[in-house]
Every structure is written in C-alpha cells, then in structure tokens.
Amino acid sequence: MLRAAAKGDIRTLEDELLVEHHVDAVESGGNGHSSLHAASEGGQEECVRWLVEKGCDVNIVSTKHRHTPLHIAGSAAVAVALLEAGASAGARDKMRQTPLQRFRSIKISGDKATRLLAQQIVDVLAAWVPSLGLSLSLAVSLSLSVESVESVCLSLSASLALASLSLALTRRG
C-alpha cells in the first residue's frame, strides 16, 4: 500500500483496501509510515484527499520520528489538503518541531529545490495559522526561538482578553 500511495496509485489502493480493510495500517520496520504518510511525502494531493475521504487519520504519527503527514508534506498542495482535513499545525515530532519549524529548518539547510519546496510549505503554514506566521516573523527579526515568541503572543492575547473583559465590566458597573 505504501508504494501505491507514494505514486498516487488510487486504483491499487482501492484493491488493497478491499482486502485489508484498514486505511491507517503502518508499515513494519522502516519509519513506521502509514499510506497517508507515503502519499503526503510523495506530493500526491489527489491520493491524500482520497485516503482522508476513506477515513485515514490526518494526525497519525509515524513510529520512528513521530512525524504526522503534515511534517513530511511533499508539496504545498498536499499541505493545504491536510490542513483543510483538520491536520494539526501544532503537532510536534520526536525533535519537538512543529511542521512549520521543520520546514523552516529545511529551508535553511536543504539544496535549492528542497529550499524552494520548504519555502512554499512555510508560506502555506504561516498563512493557515496567522499566529504561527507572526511568531515566525518576530522570531526571525528578533533572533528569538519561535517557541518563546509564541509564548509571548499567547500571554499578550490572554492579557488583552482580560483587559477587554475588565473594561466591559467597568463600563457596565
């Protein structure tokens, strides 16, 4: 099933699904990827959408690196399909990286084609979760870690919410 998913071969997946009846089956050995991982990493958007439609868990975690399919998305279109299906942009892998952080590090260290793909996926993730995009922009400009900026943003959001509530109560009373 993994090879068929990586190639986007939906016909073979349909045949195997009728036999196995389990779309979230994980390979034994290797990275412990599911069919959805394989389709995601292979950049097979149509296959990703089909597997999700058939009931694959978009947040399934690989056994070796604890990657979700979003962590290893092979194209921006796949990242969008996974996010639309409810994939968590905040999921953390074995290295405690979110998909955005993982692709940001790839963007810095990969070859030219890999950096271009990583940048496209970073753009998708940053647009999908604006607070992550803001955190990333602030972290880069201030040379801080994304986690520390996210913590500050959450604290500011909570403080602003409390201030708004306090102001509303003061006006009422």
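**View 1. Threonine 98 is a buried residue, with a relative accessible area of 3%.** The model shown here and in the other views is predicted. Threonine 98 lies in the loop that connects H5 and H6. Apart from neighbours within four places in sequence, its contacts are His71, Ala89, Gly90, Ala91 and Arg92.

**View 2. The protein chain contains nine helices and zero strands.** Read from the N terminus, the order of elements is α-α-α-α-α-α-α-α-α. The chain has 173 residues, and 38% of them are buried. Of the contacts between residues at least 6 apart in sequence, 60% join residues at least 24 apart. The chain exposes about 9,700 Å², and 55% of this area is supplied by carbon and sulfur atoms.

**View 3. The largest nonpolar core is made of 31 residues.** Leu51, Leu82, Phe103 and Leu125 have the most contacts inside this core. Two or more core residues come from each of the following elements: helix H1 (2–7), helix H2 (10–20), helix H3 (35–41), helix H4 (45–53), helix H5 (76–84), helix H6 (99–109) and helix H7 (112–128). H5 gives the most, with six residues.

**View 4. Phenylalanine 103 is among the residues with the most contacts inside the largest nonpolar core.** Which residues is phenylalanine 103 in contact with, leaving aside its neighbours within four places in sequence? They are Leu70, His71, Ile72, Ala73, Ala118, Ile121, Val122 and Leu125. Leu125 is also one of the residues with the most contacts inside the core.

**View 5. Leucine 100 belongs to helix H6.** Leucine 100 has a relative accessible area of 1%, so this residue counts as buried. Aspartate 123 is 23 residues from leucine 100 in sequence. In space, the C-alpha atoms of leucine 100 and aspartate 123 are 9.0 Å apart.

**View 6. Helix H4 has buried residues that include Cys47, Val48, Trp50 and Leu51.** These four cover an arc of only 165 degrees around the axis, and therefore lie on the same side of H4. Glu46 and Glu53 are exposed, and they sit on the face of H4 turned away from its buried side. Leu51, from the buried group, is also named among the residues with the most contacts inside the largest nonpolar core. Just after H4 comes glycine 55, with a positive phi of about 110 degrees.

**View 7. Cysteine 47 and cysteine 56 have sulfur atoms 8.7 Å apart.** Cysteine 56 is in no disulfide either, its nearest cysteine sulfur being that of cysteine 47. The count of disulfides comes to zero. Are these cysteines buried or exposed? Cysteine 47 counts as buried because its relative accessibility is 1%, below the 20% limit. Cysteine 56 also counts as buried, at 6% relative accessibility.

Notes. Residues numbered from 1 in each chain as written. Predicted model: local features only at pLDDT ≥ 70, side-chain atom pairs only at ≥ 80, totals over all residues. Heavy atoms only, no water. Core = buried A, V, L, I, M, F, W, Y, C linked by side-chain atoms within 4.5 Å. Buried < 20%, exposed > 50% of the residue type's maximum accessible area, 1.4 Å probe, protein only. Contact = heavy atoms within 4.5 Å. Arc of directions from axis to C-beta. Disulfide = S-S within 2.5 Å. Areas by Shrake-Rupley, 256 points an atom, 1.4 Å probe, with all protein chains shown as cover.
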